[in-house]
Amino acid sequence: MSALDTLRGGLVVSVQAEAASELNTPETIALLCRVAVANGAVGVRVEGLARIAAARRAVAVPVIGLVKRPYAGFAPYITPGERELAEVAAAGAALVAFDATGRARPDGRDVAAVVAGIHGRGLLAVADCATTDDVRAALEAGADVLATTLCGYTEATRGTPLPAFDLVRACAAAGRFTICEGGIGSPDDVRSAFAAGADAAVVGTALTNVDALVRRFAAAAPHAG
């Protein structure tokens with residue numbers, strides 16, 4: 001069964017911790033991936049070379065890999081260049097997520113060149129989009145997966161209600177494998193994502209960002225630690 005067939009119709013858990021979190025070690029991320037898969041996840045989305053490699057060893061489901069690395073003067077930070085792509089590939093991910101917006105990248109490549117670089121390594125390209133223009137460009141570039149990941153997180157889309165079901169519909173209408181990601185906070189959101197045409201749904205913060213979840217509940221208590 002192909003990676004996309006495995007993901008189709010299922011939940012992908014984004015297993016990422018905050019940079020300074022006690023959870024942000026390869027061993028802990030791998031354990032959380034195992035917990036996710038044991039409870040029904042059909043795939044995981046993991047950041048960072050060592051953490052991707054640990055997840056790959058820990059679970060048999062497809063791993064969507066990415067490297068977050070900011071560069072001064074450039075907005076994209078999700079697998080923004082060749083260096084990061086090489087790291088994701090070396091770690092063993094089956095799919096590579098990358099910033100598919102039209103914003104300038106530090107290595108000067110466009111979306112088509114990024115997709116070509118991913119395909120050249122025999123991997124699947126997951127285009128993290130923010131707008132319908134991004135969707136069209138990624139489709140033309142040959143991206144294997146269209147994802148709504150960056151909607152609401154760019155200057156042009158800030159304030160967009162999430163989950164971005166309208167963008168899910170646009171991705172689905174393009175006829176390419178569609179992932180709804182961003183702002184999914186409940187099982188009802190997951191159902192709505194599939195009703196809008198998603199092939200898979202990614203949930204992260206609501207499930208695995210323990211630091212943020214604890215802060216949220218602690219802030220509601222009369223005495224925070």
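## Salt bridges and pockets

Asp 99 is buried, at 2% relative accessibility (buried is under 20% relative accessible area, exposed over 50% and partly exposed in between, using a 1.4 Å probe and protein chains only). This is a predicted model, where local features need pLDDT of at least 70 and side-chain atom pairs count only at pLDDT 80 or more, while totals for chains, interfaces and linings use all residues. Residues are numbered from 1 along each chain as its sequence is written, and side-chain values use heavy atoms, leaving out hydrogens and water.

What does Asp 99 pair up with in a salt bridge? Its side chain meets that of Arg 103, a residue that counts as partly exposed at 25% relative accessibility. A salt bridge here is a side-chain nitrogen of Lys or Arg within 4 Å of a carboxyl oxygen of Asp or Glu, and by that rule the count comes to 16. Three of them are set out below.

| Salt bridge | N to O distance |
|---|---|
| Asp 99 and Arg 103 | 2.6 Å |
| Glu 82 and Arg 121 | 2.4 Å |
| Asp 188 and Arg 191 | 2.6 Å |

The bridge between Glu 82 and Arg 121 links distant parts of the chain, 39 residues apart: Glu 82 belongs to helix 4 (82–91), and Arg 121 to the loop between helix 5 (111–119) and strand 5 (124–128). Helices (H or I, at least four residues) and strands (E, at least two) are DSSP runs numbered from the N terminus. Both partners are partly exposed, Glu 82 at 32% and Arg 121 at 34%.

Arg 191 is exposed, at 54%. There's also a network of salt bridges, which links Arg 69, Arg 83, Glu 84 and Glu 87.

Back to Arg 103, which has another neighbour to mention. Thr 154 touches Arg 103, along with Thr 101 and Ala 130, leaving aside residues up to four places away in sequence (contact means heavy atoms within 4.5 Å). Thr 154 lies in the loop between strand 6 (145–147) and helix 7 (165–173), and it is buried at 6%. Its side chain makes a 2.8 Å polar contact with that of Thr 157. Such a contact is a pair of N or O atoms within 3.5 Å; within protein, one must be able to donate a hydrogen and the other to accept it, and residues adjacent in sequence count only if both atoms are side-chain atoms.

Now the pockets. On a 1 Å grid over the protein atoms alone, a pocket is an open set of points where a 1.4 Å probe fits, with protein on both sides within 12 Å along at least five of seven lines; lining residues have an atom within 4 Å of a point. Of its 32 lining residues, Ser 14, Gln 16, Lys 68, Glu 181 and Thr 205 are the closest to the centre. Helix 9 provides the largest share, three residues. The lining divides into 11 nonpolar, 12 polar and nine charged residues.

The second largest pocket comes in at about 160 Å³. Helix 2 gives the most to its lining, with three residues, and strand 1 (10–14), helix 2 (26–38) and helix 9 each supply at least two. This lining has eight nonpolar residues, three polar and no charged; Leu 11, Leu 32, Asn 39 and Thr 208 are among them.

Notes:
Ala, Val, Leu, Ile, Met, Phe, Trp, Tyr, Cys and Pro count as nonpolar, Asp, Glu, Lys and Arg as charged, and the others, Gly among them, as polar. Grid points are joined across faces, edges and corners, and a volume is the space filled by probe spheres set on the points.
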